[in-house]
Amino acid sequence: MYFKFFWIIRALFYKPFFGKFLMPSYIGKPVYLHGIKNIFIEKNVRLFPNIRMEVHGKDASITISEDVGIAQNVHITSGSNLTIGKSSTILANVFITNIDHDYTTIGVNILKQGMIIKETKIGDNCFIGIGAAIQAGTILGNHCVVGANSVVKGIFPDYSIIAGVPAKIIKRYNTQSGLWEKTNSEGTFLN
């Protein structure tokens, strides 16, 4: 665990370049940061090696709330305001974005066409499984669980378990019974 000491030292070095970087947070090596002044890190955030965060546009930002853990090889891109809620955990090889590329002009390379920005937000206390892709236009409520390798797009209520390609709600926490219960793909309980 001695390596985390060096990650804290690295965080202190990077801290003045971020829009906000509260301690104690740390950042592993290597890291790729684009638009670092528009990245806001709250306290107790753990960023593991090979994280890539990109902010495109002067009014865009990435905000990572307190007590968030982000594993290695995670890629986050933002063309507006993208927020990850407090106490969330994001496992390795996850992609999160609020940017889609326009493709409607035939004969023009997609990368030379405009970007389509759609609100993307991760709620508090969410758990995103390894290899998941959180696409533009996704809003996860609080305490959502995303299954490994799921491709997620849409709006999902609090206390949902979401899995698949494309991802659908498979269970939700029922506040009346106090249990996690199976649902249809819209989140309606199957009682």
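## A salt-bridge network

Lys-118 and Asp-100 meet through their side chains in a salt bridge, at 3.2 Å from N to O. The pair links distant parts of the chain, 18 residues apart. Lys-118 sits in the loop between β14 (115-117) and β15 (121-122). Asp-100 belongs to strand β13 (residues 99-101). Lys-118 is partly exposed, with a relative accessible area of 32%. Salt bridges that share partners join Asp-100, Lys-118 and Lys-153 into one network.

This is a predicted model. Across the whole structure, a search finds 5 salt bridges. Side chains of opposite charge can pair when their charged atoms come close.

## Two further salt bridges

Asp-67 and Arg-46 also pair through their side chains, in a salt bridge of 3.3 Å from N to O. Asp-67 lies in the loop between β7 and β8 (69-70), and Arg-46 lies in strand β5 (residues 46-47), so the bridge ties together parts that are 21 residues apart in sequence. Both ends are partly exposed: Asp-67 has a relative accessible area of 34%, and Arg-46 has one of 25%.

Arg-52 forms a salt bridge with Glu-54. Here the closest N and O atoms are 2.7 Å apart. Arg-52 counts as partly exposed, at 34% relative accessibility. Glu-54, by contrast, is buried, with a relative accessible area of 9%. Arg-52 has an aromatic contact as well. It lies over the face of Tyr-32, at 4.3 Å from the ring centre.

## Aromatic pairs

The structure holds 9 aromatic pairs. One of them joins Trp-7 and Tyr-26. Their ring centres are 5.6 Å apart and their planes stand at 45 degrees, so this pair is tilted. Trp-7 lies in helix α1 (residues 3-14) and Tyr-26 in strand β2 (residues 26-27), so the contact ties a helix to a strand across 19 residues of sequence. Trp-7 is buried, at a relative accessible area of 10%. Tyr-26 is buried too, with a value of 10%.

Tyr-159 and Tyr-173 make another tilted pair. The distance is 5.9 Å centre to centre, with 55 degrees between the planes. This pair also links distant parts of the chain, 14 residues apart. Tyr-159 is in the loop between β21 (155-156) and β22 (160-164). Tyr-173 is in strand β23 (residues 167-174). Tyr-159 counts as partly exposed, at 35% relative accessibility. Tyr-173 counts as partly exposed at 27%.

The disulfide count comes to 0. A disulfide needs the two sulfur atoms within 2.5 Å. Seen from Cys-144, the closest cysteine sulfur is that of Cys-126.

Both cysteines are shielded by the burial criterion. Cys-126 is buried, with a relative accessible area of 2%. Cys-144 is buried as well, at 0%.

## A nonpolar surface patch

Seven residues, Tyr-2, Phe-3, Phe-5, Phe-6, Ile-8, Ile-9 and Leu-12, form a nonpolar patch on the surface. Together they have about 730 Å² of accessible area. Leu-12 is found in helix α1. At 46% relative accessibility, Leu-12 counts as partly exposed. Trp-7 is found in helix α1 too, but it is buried.

## An exposed loop lysine

Is Lys-58 buried or exposed? At 74% relative accessibility, Lys-58 counts as exposed. Lys-58 lies in the loop between β6 (51-55) and β7 (61-64). Lys-58 and Ser-80 are 22 residues apart in sequence. In space, their C-alpha atoms are 8.9 Å apart.

Key:
Residues numbered from 1 in each chain as written. Predicted model: local features only at pLDDT ≥ 70, side-chain atom pairs only at ≥ 80, totals over all residues. Heavy atoms only, no water. Phe/Tyr/Trp six-rings, centres within 6.5 Å; stacked < 30°, edge-to-face > 60°. Helix = DSSP H or I, 4+ residues; strand = E, 2+ residues; numbered from the N terminus. Buried < 20%, exposed > 50% of the residue type's maximum accessible area, 1.4 Å probe, protein only. Lys NZ or Arg CZ within 6 Å of the ring centre and 35° of its normal. Patch = residues over 30% accessible without salt bridge, like charges linked within 9 Å, V, L, I, M, F, W, Y side chains within 5 Å. Areas by Shrake-Rupley, 256 points an atom, 1.4 Å probe, with all protein chains shown as cover. Salt bridge = Lys/Arg side-chain N within 4 Å of Asp/Glu carboxyl O.
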